[in-house]
Amino acid sequence: MAHIKPVPQINQDFDPRLLMMVIFQNIVWIVTLLLISVTTAFLLIRYTQPIYQTKSIIQLTSDSNKQKSNIIEGTSQLYADDIAKQVELLRSSVFIQRVIEKLALDVSYFNKGNIIDFEMYKQSPYTIEYEVIDKKIFGVPVYVRFSGTVAEVFYKIKNNETKRTVGLGVWVDFPEFRLKINPDYEKLEKVKGDFYFIINDPTKHILKYKTNLKVKVLNEAAKTIEITLEDNNPVKAADFVNGMAKEFEVFHTEKQQESANNVIAYIDRTLGLVTEKLSENEKKLSGLTRLFEDGALLPMETDINNQTQILFELENAKLKLELELQLLDNILQKEKFSSADIYEQLVILSGTETEKYLSPILNQIRNLLARKEDIAYNVTPNSKAFDAIDYQIRIQKDALVQSAKTIREVYNNRLNTINENISKLKAILLPQMGSEKGDTSNIELAKLRRIQAINEKYYNSLIDKRTEYMLAKEGYVPEYQILQYAVTPELPIAPDRQLIIISSLAGWLILSLILILLKYLFFDEILAISDIAKYTDAPILGMVHKYKEDIPISQLVIDKKPKGLIAEAFRTIRANLQFLNNAPGSKVIAITSTISGEGKTFVTINLAGILAFTGSRVVLLDCDLRKPKIHLGFETDNNVGMSTILSGQSGIEDCIKPSKLNNLDFITAGPPPPNPSELLLSSKMNELLEFLRKNYDYVVVDNPPVGVVSDAIAVMTKADFPIYVFRSEYSRRFFINNLNHLRHESKIGNLSVVLNGVDLQKAGKYGYGYSYNYGYSYGYGRSYAYGYGYGYGYGYGYGYGYGYGYGYGYYDQEKGIDKKEPFYIRLFRRKLPKSNAES
């Protein structure tokens with residue numbers, strides 16, 4: 001026995017003809033996928049909200065203010081030198097909120113469309129003023145329909161709908177908010193449609209812009225930053241980006257001027273106090289001066305004057321210490337320090353003795369506060385980074401307080417010593433001045449002059465400081481410049497028409513290829529004789545063409561057109577049976593298939609009929625006791641038959657019935673028995689076959705499908721010509737395993753094959769053809785060549801042959817055989833079997 005190739009579960013060989021057939025069989029799905037892809041692309045392009053992109057470029061120029069005073073250089077370095085900090089600032093929610101507030105983007109106005117709505121940024125025919133009462137109103141569309149001098153306002157929150165007619169230009173109370181509608185009648189006449197507005201949720205609105213905003217360092221060496229925004233409204237996108245650039249300038253200006261403003265305010269307060277003291281001293285000094293000028297007081301002697309000078313110096317030292325102590329008390333009273341407080345203290349300490357002790361600590365605290373402000377743009381307040389900074393600030397503040405207390409204690413000791421010396425000196429001077437008829441007025445006059453000189457010096461110093469800070473504030477130049485302003489984009493970046501079209505077509509192509517690939521790999525239908533011959537060594541008797549017309553109930557078609565293709569196909573099978581076994585005597589032909597629907601009954605009846613055409617006596621047996629059909633084909637009853645014969649209820653001759661064809665008799669299946677397998681295996685079956693062999697030339701048996709029940713195997717083993725029927729485009733390839741099993745395991749070695757229901761039109765369309773050589777040498781040869789590319793070749797030792805084809809008049813042309821098969825039949829072929837496949 002030759003090696004038989006196993007039937008694979010998937011197609012392992014590439015067959016271009018099969019591939020073409022699979023493509024044409026699934027052309028409807030391919031076209032459907034194409035339509036879906038095209039429709040999807042159209043809907044995406046037509047009804048997707050366009051997205052516009054605009055950008056601006058700014059450049060940091062930290063060198064622009066190097067010639068200015070170093071008064072506020074701490075903030076200058078803090079906010080201008082680190083480009084990464086500026087990027088995080090621009091991305092921060094706090095900064096975006098400032099821009100939203102400046103551009104009044106808290107309310108969005110829309111014009112409702114049929115499918116998509118359009119935002120009417122700067123084009124709305126009305127504006128609103130509102131006061132939120134309940135946050136539920138955030139994000140809810142509030143519809144406005146204008147009618148003359150009134151408008152109908154309605155909105156829906158969950159299942160609660162609110163509707164009210166309101167006047168224009170007046171405040172109206174709603175459950176969730178107060179509303180005032182300000183119409184633009186000129187625009188209302190031009191713009192028509194259904195309008196609605198949305199009061200945006202601040203948190204979600206900021207998040208929306210933060211998501212669509214991209215800020216990146218364009219060139220670190222050049223210190224350039226690119227701001228990009230994507231939005232559905234091109235005008236709003238450009239305004240927002242330009243608004244960010246302008247707000248960036250405002251933000252930096254505020255930060256740069258913050259410390260200067262705080263210091264100037266403190267200087268103004270201090271100037272007020274000093275001015276009051278100067279006025280008070282001026283009055284006292286003026287009164288004493290008039291007394292000396294009028295001669296009421298006499299000037300002091302030289303020795304007394306020297307001692308008085310020492311007293312004045314002690315008084316001056318006492319005054320300075322008191323000022324130093326006042327500054328220390330001011331520092332110790334501060335529980336919390338801001339950046340502005342630090343700058344204020346640094347300015348106040350400028351020129352004092354305490355400055356050299358406390359300035360380093362204050363500068364350290366200032367730097368820590370600056371770092372804390374930077375971190376605030378990148379992390380949440382609960383971050384561990386904040387805890388670390390706060391811990392360092394607390395350590396420095398503790399050090400500041402401890403240092404201030406220590407210095408204050410030293411100053412108090414010095415002040416006590418000075419007070420003691422002043423008291424001793426006064427005790428010496430007062431008696432002397434009294435004996436020389438002097439008076440304490442001389443001392444008081446000198447003291448007032450000294451205090452006046454100190455206050456004037458302090459006043460002038462404050463005026464100089466104030467002027468310096470005012471110049472620095474007014475002369476501040478922004479430390480960046482705009483290199484590129486955002487412009488209103490004309491074309492959207494999305495949806496990208498070209499990309500959508502290419503993607504849709506690519507998706508269609510990929511899905512189609514996957515569909516075809518899967519259909520091809522798992523295609524397991526038998527199409528042609530070559531599909532059978534590839535996996536079995538069983539001889540193939542021939543093929544029966546698909547019958548295009550409705551098959552009659554009798555399923556006998558060879559008598560309708562004796563010269564047709566169907567009749568000739570059965571003649572070919574009859575001839576090939578002769579080649580297989582040409583021994584004299586009666587022959588038993590047993591026919592089966594794998595499952596119902598492959599056409600075994602059709603083949604059985606027509607093969608019996610073609611044998612009867614030769615004048616041979618033929619009897620047809622219906623051994624499909626479970627699902628009999630022969631009685632239907634010959635339009636007779638099924639009261640008696642095989643079941644009654646094998647069970648001994650009827651005689652053989654009583655059950656034989658003649659058909660309308662000469663020489664063709666038949667025996668029906670009879671009533672369905674409870675034990676069909678046992679009846680077919682009984683000795684009665686052998687006796688029946690022997691009886692029929694003696695009275696008929698051919699006994700043709702229609703057996704049940706062997707893939708469903710095993711009833712047929714017993715009869716197949718007794719047959720001279722066991723035949724296995726497959727149906728083209730219906731039978732599965734793995735059915736061939738049943739054929740091989742019967743030949744080699746069940747020892748039915750003479751089992752042959754007939755392929756039923758072959759569509760000639762598809763054979764010509766996909767290029768299928770057949771040529772088989774069985775190697776039987778019977779002394780003569782025969783060859784057939786059908787149209788549409790079909791052909792049989794049998795080599796038996798001689799070269800004799802003849803050929804025929806469509807259009808040559810030798811045979812009748814089958815009706816509809818060359819016509820295009822109807823679309824619905826091709827689409828639902830498996831659901832609507834139309835050909836010779838009734839059983």
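## Burial and overall make-up

A residue is called buried when its relative accessible area is under 20%, exposed when that area is over 50%, and partly exposed in between, with a 1.4 Å probe and protein chains only. By this definition, 45% of the 839 residues of the chain count as buried. The model is predicted, so that local features need pLDDT of at least 70 and side-chain atom pairs count only at pLDDT 80 or more, while totals for chains, interfaces and linings use all residues. Residues are numbered from 1 along each chain as its sequence is written, and side-chain values use heavy atoms, with hydrogens and water left out.

The chain has 26 helices and 23 strands, where helices (H or I, at least four residues) and strands (E, at least two) are DSSP runs numbered from the N terminus.

Strands of a sheet pair through backbone hydrogen bonds, either parallel or antiparallel. Here, four strands in the order 11-12-1-13 form an open sheet with antiparallel pairing, where two strands pair if DSSP finds at least two bridges between them. Strand 11 (213-219) and strand 13 (480-484) are the edge strands, each pairing on one side only.

Strand 1 (residues 52-60) is joined to strand 13 by four bridges, and Ile58 has Ile482 in strand 13 as its bridge partner. Helix 7 (residues 202-212) lies across strand 11 and strand 12 (224-231), and runs at about 120 degrees to strand 12; such angles run from 0 to 180 degrees between N-to-C directions, with axes fitted to C-alpha atoms, and contact means heavy atoms within 4.5 Å.

Another open sheet has three strands in the order 4-9-8, with antiparallel pairing. Its edge strands are strand 4 (126-132) and strand 8 (171-173), each of which pairs on one side only. Seven bridges link strand 4 to strand 9 (residues 177-183) in the antiparallel sense, and Glu131 has Arg178 in strand 9 as its bridge partner.

Ile10, Ile510, Leu511, Ile514, Leu518 and Phe522 make a nonpolar surface patch of about 550 Å². Patch residues have over 30% relative accessible area and no salt bridge, with nonpolar side chains joined within 5 Å and like charges within 9 Å; a salt bridge is a side-chain nitrogen of Lys or Arg within 4 Å of a carboxyl oxygen of Asp or Glu. Ile514 lies in helix 14 (residues 497-521) and is partly exposed, with a relative accessible area of 43%.

Methods:
Accessible areas come from the Shrake-Rupley method with a 1.4 Å probe; for residues, only the protein chains shown count as cover.
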